[in-house]
Amino acid sequence: MFNVTTKSMQWGEETLTLETGKVARQADGSVIATLGETTVMANVTFAKEQKEGQDFFPLTVHYQEKYYAAGKVPGGFFKREARPSEKETLTARLIDRPIRPLFVPGFKNEVLVMCTVLSHDLVNDPDIVAMIAASAALTISGVPFMGPIAGCRVGFVDGEYVLNPDVDDMQGLRTNPDQRLDLVVAGTRDAVMMVESEAYELTEAEMLGAVTFAHDNIKPVCDLIISLAEAAAKEPFDFTPPDYSALYEAVKAVGEEKMRAAYAITDKQARVAAVSAAKDEIKASLSEDQLADTNLGSAMKKLESTVLRSDVVKHGRRIDGRALTQVRPIECEVGLLPRTHGSALFTRGETQGLIVTTLGTGDDEQIIDALHGNFRSNFLLHYNFPPYSVGEVGRVGSPGRREIGHGKLAWRALQAVLPAPTDFPYTIRLVSEITESNGSSSMATVCGGSLSMMDAGVPLKAPVAGVAMGLVLEDDGEFAVLTDILGDEDHLGDMDFKVAGTEHGITSLQMDIKVAGITPAIMEKALAQAKDGRMHILGEMAKALTEAGDFSAYAPRIETMTIPTDKIREVIGSGGKVIREIVEVSGAKVDINDDGVIKIASANGDAIKKAYDMIYSIVAEPEEGKIYKGTVVKIVDFGAFVNFFGKRDGLVHVSQIENRRLNHPSDVLKEGQEVWVKLLGFDDRGKVRLSMKSIDQATGEEAPKEKEAEADE
């Protein structure tokens with residue numbers, strides 16, 4: 001029934017297996033990839049005809065994590081997988097970005113790639129397995145795809161690169177001081193296509209070494225996919241790239257000078273209008289057959305690209321007149337919103353972000369239900385890109401893949417410099433409102449986010465800045481690297497290379513390219529040029545703020561205390577009775593974790609102290625020789641019982657009440673009376689022995705030894 005083809009190899013410490021021919025046989029390409037015991041199925045289908053009038057490439061990539069893969073039942077009321085999680089969205093983008101440039105130019109048939117996680121061993125992250133499975137499915141499907149690609153993850157511990165580290169090693173680099181890097185690299189056998197990372201201030205040389213290490217380790221995986229395709233690939237789809245050279249020459253003849261004049265305008269809105277007008281003039285000069293050609297859009301874009309690229313490479317001249325290494329003018333402002341905890345407005349040329357910081361308590365942490373388990377996050381970054389930021393109208397809905405991806409990039413860049421939760425026990429939420437955009441709003445979010453957090457009083461280890469680099473690579477090998485690219489330079493160029501970090505090193509790196517890979521020499525030049533740009537931006541940011549400012553008067557105050565784990569039950573009480581009473585009486589919010597760390601939060605310092613004292617009285621033990629203020633709760637013939645430490649009572653024997661003989665304790669004491677007592681110790685049965693006679697009842701201070709001795713005589 002089945003014509004199964006299987007290929008395997010040893011990859012790092014695990015076995016990587018690719019299998020096709022048994023499952024989803026009606027798909028154009030179907031591959032099940034297994035690494036260790038993590039298994040992902042990738043299925044590829046593509047339309048055999050292009051839709052009429054289609055002028056773009058409709059590629060869709062879906063990545064789905066099924067809870068059954070880890071033996072879990074989904075949460076919520078419906079108990080089934082619903083909208084994609086952030087991890088699923090980011091992984092779909094991770095797969096899309098390196099494969100999209102490798103489809104044959106001019107191919108515009110609809111393509112669907114679906115990756116489904118079938119099994120997760122909680123050791124090997126399924127995102128890498130999904131990328132390999134998708135590449136293999138595309139390679140055997142017959143679709144005009146110039147792959148294969150492969151990907152891997154790289155860690156960096158004790159100066160050594162680690163191939164595909166365990167999920168636990170990557171789960172929150174802030175909690176793992178030995179791990180300094182989480183890097184994902186994808187590429188063909190010949191070149192790197194995509195880089196995504198978060199890091200702890202790695203040098204440019206260390207980062208370049210990690211990328212090289214990754215590329216060396218994906219080459220054998222590419223060979224494995226090729227061997228699978230040699231045995232099981234379908235016949236290549238009959239596709240001939242459209243020849244629109246004649247149309248392009250016609251467009252170029254009537255429009256080159258108009259387009260060059262339009263791109264000489266430095267103001268974005270004026271330039272957009274001029275480019276649109278130039279296109280209208282070009283169309284007005286074309287025949288009806290030329291206007292009906294579905295490749296007209298491609299010819300127009302090629303003309304725009306040629307104009308921009310030739311000016312950059314041949315003349316070193318950019319759209320806005322800047323030098324290749326020059327950063328646009330920067331303005332930074334902090335504290336502009338009076339009632340928020342922290343705010344910053346970061347403007348770089350025509351890109352602007354308003355970033356706002358809110359400090360919350362433990363109750364505000366995000367609970368993430370992941371395939372490998374639940375965990376909490378106390379650092380949130382939400383990125384919004386409204387249509388007005390680019391002067392457009394459009395539908396406004398829930399965050400899309402772009403918003404989630406750019407927000408995560410900024411999150412990765414900033415998380416490396418956050419203080420430890422034990423030193424700064426707040427939940428931090430950043431919201432980036434992009435108010436203007438013309439190139440790299442994600443890096444504006446990084447710069448503004450750093451300033452906004454410092455304005456809120458967050459003690460960052462160092463300020464962080466980010467810059468987007470571009471590339472124009474000609475067929476003859478001549479190239480130019482551009483610092484701080486504009487939107488058009490991103491759109492019409494060959495690379496979007498974003499680097500963020502402190503003055504000491506890189507905290508995040510993301511690279512996407514539109515050509516068949518770049519060389520290590522180009523990447524090394526881009527990293528060096530990005531470092532210069534980053535240092536310049538940090539200098540401009542320092543004019544506004546260089547370290548944490550005053551803590552906002554409107555932010556909650558949080559104090560932490562640590563109690564023995566065996567005391568947690570006493571603080572919570574039966575059914576939460578004790579903790580509810582503490583919250584109600586004190587007015588503070590109290591959060592207890594399983595490690596015995598308690599966070600007490602309130603805008604009122606007295607409320608925090610009240611809650612602290614109540615908890616302390618429950619968990620603390622009285623110390624021998626220490627003086628306490630207590631209340632007489634019961635008088636008996638042989639002494640008085642005094643409540644002196646939380647709910648702890650002790651006996652003051654009649655001989656320890658005063659330095660004279662008493663007929664009865666009631667001669668000097670009455671119930672409800674406040675007295676000072678000293679803890680003498682504990683008897684053989686553990687009962688508390690207290691003394692009053694050694695304490696000056698007026699001051700609460702211990703009487704001098706000489707006076708006590710004279711009184712005894």
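The model is predicted.

**Stop 1: α5 and α8**

Select helix α5, residues 245-262, and helix α8, residues 296-315. Their axes lie 9 Å apart and the packing angle is about 45°. At that angle α5 and α8 are therefore oblique to each other. The crossing of α5 past α8 is right-handed.

Now show the side chains at this contact. On the α5 side, pick Leu247, Tyr248, Val251, Lys252, Gly255, Glu256, Met259 and Arg260. Across from them, α8 supplies Leu296, Ala299, Met300, Lys302, Leu303, Glu304, Thr306, Val307, Ser310 and Asp311. Colour this α5–α8 contact by class: nine residues are nonpolar, three polar and six charged.

**Stop 2: α5 and α6**

Which residues of α5 meet α6? Select Val251, Val254, Gly255, Lys258, Met259 and Ala262. Their partners in α6 are Arg271, Ala274, Val275, Ala278, Lys279, Glu281 and Ile282. The α5–α6 contact has eight nonpolar residues, one polar and four charged.

**Stop 3: α1 and α9**

Move to α1, residues 86-99, and helix α9, residues 401-415. Their axes come within 10 Å and cross at roughly 95°. That angle makes α1 roughly perpendicular to α9. From α1, select Glu86, Thr89, Leu90, Ala92 and Arg93. From α9, take Arg401, Arg402, Ile404, Gly405, His406 and Lys408. By class, the contact of α1 with α9 holds five charged, three polar and three nonpolar residues.

**Stop 4: Lys79**

Stay with α1 and select Lys79, in the loop between β5 (59-65) and α1.

**Stop 5: Gly147 and Pro148**

Next, go to the loop between α2 (126-141) and β7 (150-157), where Pro148 lies. Is the peptide bond that joins Gly147 and Pro148 cis or trans? The bond is cis, with omega about 5°.

**Stop 6: the cavities**

How many cavities of 30 Å³ or more does a search of the whole structure find? It finds four. The largest cavity has a volume of about 60 Å³.

To locate the largest cavity, select its lining: Leu35, Asn124, Asp125, Ile128, Arg153, Asn164 and Pro165. This lining divides into three nonpolar, two polar and two charged residues. Ile128 of the lining falls within α2, residues 126-141. Arg153 of the lining falls within β7, residues 150-157.

Terms used
Residues numbered from 1 in each chain as written. Predicted model: local features only at pLDDT ≥ 70, side-chain atom pairs only at ≥ 80, totals over all residues. Heavy atoms only, no water. Axes fitted to C-alpha atoms, helices over the stretch in contact; angles between N-to-C directions. Helix = DSSP H or I, 4+ residues; strand = E, 2+ residues; numbered from the N terminus. Parallel < 35°, antiparallel > 145°, perpendicular 65-115°, else oblique. Left-handed = near helix turned anticlockwise from the far one by under 90°. Contact = heavy atoms within 4.5 Å. Nonpolar A, V, L, I, M, F, W, Y, C, P; charged D, E, K, R; others polar. 1 Å grid on protein atoms, 1.4 Å probe; cavity = no way out; pocket = protein on both sides within 12 Å on 5 of 7 lines; lining within 4 Å. Points joined across faces, edges and corners; volume = space filled by probe spheres on them.
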